[in-house]
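Thanks for coming. I will keep this short and stay with the coordinates.

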Amino acid sequence: MSETDLDLLALHGLAVKKAGGAADVAAILGTEESGVAAALESAVEAGRAAGAKGTFMVAPAGRDWLDERYPEAYADFRADPEATEAYERFERINRELLSLFTDWQMMPAAGGERHPNDHSDAEYDNGVIDRLGDQHERAEKVLDRFAALEQRLGIYKTRLDDAYDKVLAGDKDYVSGARIDSYHTVWFELHEDLLRMLGREREEAP
Amino acid sequence: MTAVADRVVVLDGSSVPDREVVGNKGRSIADMLSLGLPVPPAFCLPIEECRRFHAAGGELEEEAWRSVLAGLAGIEEKLDCRLGDPERPLLVSVRSGAAVSMPGMMDTVLNLGITEEVEVALGRLSGDPGFARSTHVRFVHEFGRTVLGADLEESAAGASPDEVREAVRRDTGELVPTHPLEQLKAVIATVFGSWSSRRAKAYRRHWNISEDGGTAVIVQAMVFGNLGEGSGTGVLFSRNPLSGDPAPYGEWLAGGQGEDVVSGTHDPLPLAALAEQMPEVHARLLEASELLEREHGDVQDVEFTVERGELYLLQTRAAKRSPLAAVRTAVDLASEGAIDSREAIRRVSVEQLASVLAPRLAEDVAAAAEVVARGVAACPGVAGGRAVADSDAACEATDETVLVRPTTSPEDVSGMIAARAVVTERGGSTSHAAVVTRALGRPSVVGVGEGVSEALAGSELTVDGSAGVVYAGRLPTEEVDPASVPGLTQLLGWAEELSPVEVVEEDDGALDLDAEGAALDEGAPDPAELAERLQGAAAARGSVLASAAGARAVLLAGVPRVVRLPGQPAAALQLRLAQEKGNLRERKEESET
């Protein structure tokens, strides 16, 4: 990998992650921390990132720079019908997952209302976790397709699998907890990653 | 229970087989039958057969299959119809049912028995060929997905069964069998096989569940609510699940079949419509619901279908209920003697109580306030602050803020944590913003429309995430008077009787756990360790006391008084203490027996 590739990749990873240290960014890129650290330092020097005490953020100039670089860097990916097709499959799983996360947090009740899920109904929770398992198996297939095109995307399969395994082990926060690498957190980073590579906008569910 | 050719168990109410034999679902059907309630006829391949299936290398033994055929013949005889018969067709559902429910198990295949000819017959009987067609398509889709493992898109409206068969073949290289008995055999094998699925194995490993168990298979006749006059389907709650009012509450879809209830294609009518249409069925249904409620000691949610004037109960379970109804039904059931007061206290979670008592906007305040945006109520609660249009501003602010974004992405999570409430222009109840705010407990309104973020930035707002409304200005919220919540005074009275600890407003000698560095943070507090700190204290206060572990520590240390902090409702502390007291006492009773 040439140095400029890593410059792009590190800043891209930081944009997906929003803020974090070199180790965090390296973890989502599935690459060596030392190289990422150097790339982030040089991004700070170039005014593309801001950083303090080992935590970095993308600077406005860095955003513009990324937007300029993406079309060329991912020209092949964007032009590949296999990538588009895999992304369409991803979107379909995404819609299912979003309604699943809603079901996880808000239980359907009589009269079409929903109440916050206090997780006291094990049968209900297990049903949702089982649906998550179904979607996880679909997601694995899609990630295999993406990883065949862009190897580093395979790391998301590992991260999603880690989150799902924690859920199975009873750590229910790992379904949609916002402060941890829950299934939802990792899935949204993956979504953001793909959107940036493909140059698309996030579509919100109606 | 009757043994047919030894290898299946006919569920007919003659006895109630053990959960370890027929699994949870089989047991639940047997329970209803033993109460004399009408349930569609069914038989069960017991858990033992799952072990045999695996011991035989993933094959259903010939003798077991002969027993299945005998069980099926029993259902056919009872209902005077046959699997695959175009004149009088029988359709069955096939479900898994382990003694412990776990993920990864194949769940259900419905409408097994539908073929080209049966589709025509079902179209004629229901007077709705479109329904018969979609039932057929759904069956092929479901079979392809669960039995053959095809990853299929939702079938397009108007797709034919053959088109779905072709999609399955393209994805898996396998054919969906056309003969119902072949399909039945394959589904049974899939249910048994799913005991060894990757997910089920991982789950058992995590939870130390023995690999020696297995799942039962329940084969049950399907009944239809759309077979002309005197048919329909519905759901009945033995008490009102919204208000907790003791009157039964339900919905009736005349001429509707299962999926119609969920899909919203039919407008449901109140239960009174069933009383008018078929008074005897209605009376029988209410009797059944009363019986089931008494049997289970809890409010029941009963699914039922009426096929040509014949009532069938499909499922009963403890009803989901609003926090308000949770309080009222727990107190009513205890007052009626169905449960004791300790159980009533356990039935209401501290979260439900907090939700009932959550500060809200007074009606007159809300009515007089200026509405600046309306959208989807995504996370309940009321909070206000200065509107900021980006997450960095929310993170850097020293005052209380409301994050108002066109839409949110993972980049915004830190801002959502920092803000008191969240508003987005786009998205619905399943959007990223909705999901994350609920995880964080931040009131939110989503989908308020384009341009709102820019227009509102800088102004003071109040977000009502329960109503889906954003108001101009910071509006005062009002406390809820516990006496105004039906049943709550009684519940708290019982809690006080049960718990020896007094909850007070002030006590000069109170040990302050927050000041002692034992504040409630992300980690789970250890009751024993906390109890040691509290030993000998005359009173205690601290954020940790709102947790179950904190309440338990107070009881273990014998602290007589707890001082409430601002934001800790006295009622919630009282309830928690009573629940933990009940748990401790129960443990003691268990160890004594």
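This is a predicted model: local features need pLDDT of at least 70, side-chain atom pairs count only at pLDDT 80 or more; totals for chains, interfaces and linings use all residues.

In chain A, the domain assignment gives domain 1 as 3-73 and domain 2 as 76-198. Taken over C-alpha atoms, the centres of these two domains of chain A are 25 Å apart. Their contact involves 9 residues of domain 1 of chain A and 6 residues of domain 2 of chain A. On the domain 1 side, α1 (3-17) and α2 (22-29) of chain A each supply at least two of the touching residues. The largest share, 4 residues, comes from α1(A). By type, that side of domain 1 of chain A has 5 nonpolar, 3 polar and 1 charged.

Next, helix α10 of chain A, residues 183-198. At 1.5 Å a residue, its 16 residues should span 22 Å, and the end C-alpha atoms are 22 Å apart, so the two agree. Is α10(A) mostly covered or mostly open? Mostly covered: 13 of the 16 residues are buried. After α10(A) comes Gly199(A), with a positive phi near 70 degrees.

Now the cores. The largest nonpolar core has 150 residues, and those touching the most other members are Tyr183(A), Cys44(B), Val94(B), Ile188(B) and Val445(B). Helix α6 (residues 81-105) of chain A gives the most to this core, 8 residues.

Note on methods
Residues are numbered from 1 along each chain as its sequence is written. Chains are lettered from A and ligands numbered from 1 in the order in which they are written. Domain bounds come from an automatic or database domain assignment. Two residues are in contact if their C-beta atoms, placed from the backbone, lie within 7 Å. Ala, Val, Leu, Ile, Met, Phe, Trp, Tyr, Cys and Pro count as nonpolar, Asp, Glu, Lys and Arg as charged, and the others, Gly among them, as polar. The expected span of a helix is 1.5 Å times one less than its number of residues. A residue is buried if 20 or more other C-beta atoms lie within 10 Å of its own, exposed if 12 or fewer, and partly exposed in between; C-beta atoms are placed from the backbone. A nonpolar core is a set of buried Ala, Val, Leu, Ile, Met, Phe, Trp, Tyr and Cys residues joined through C-beta atoms within 7 Å.
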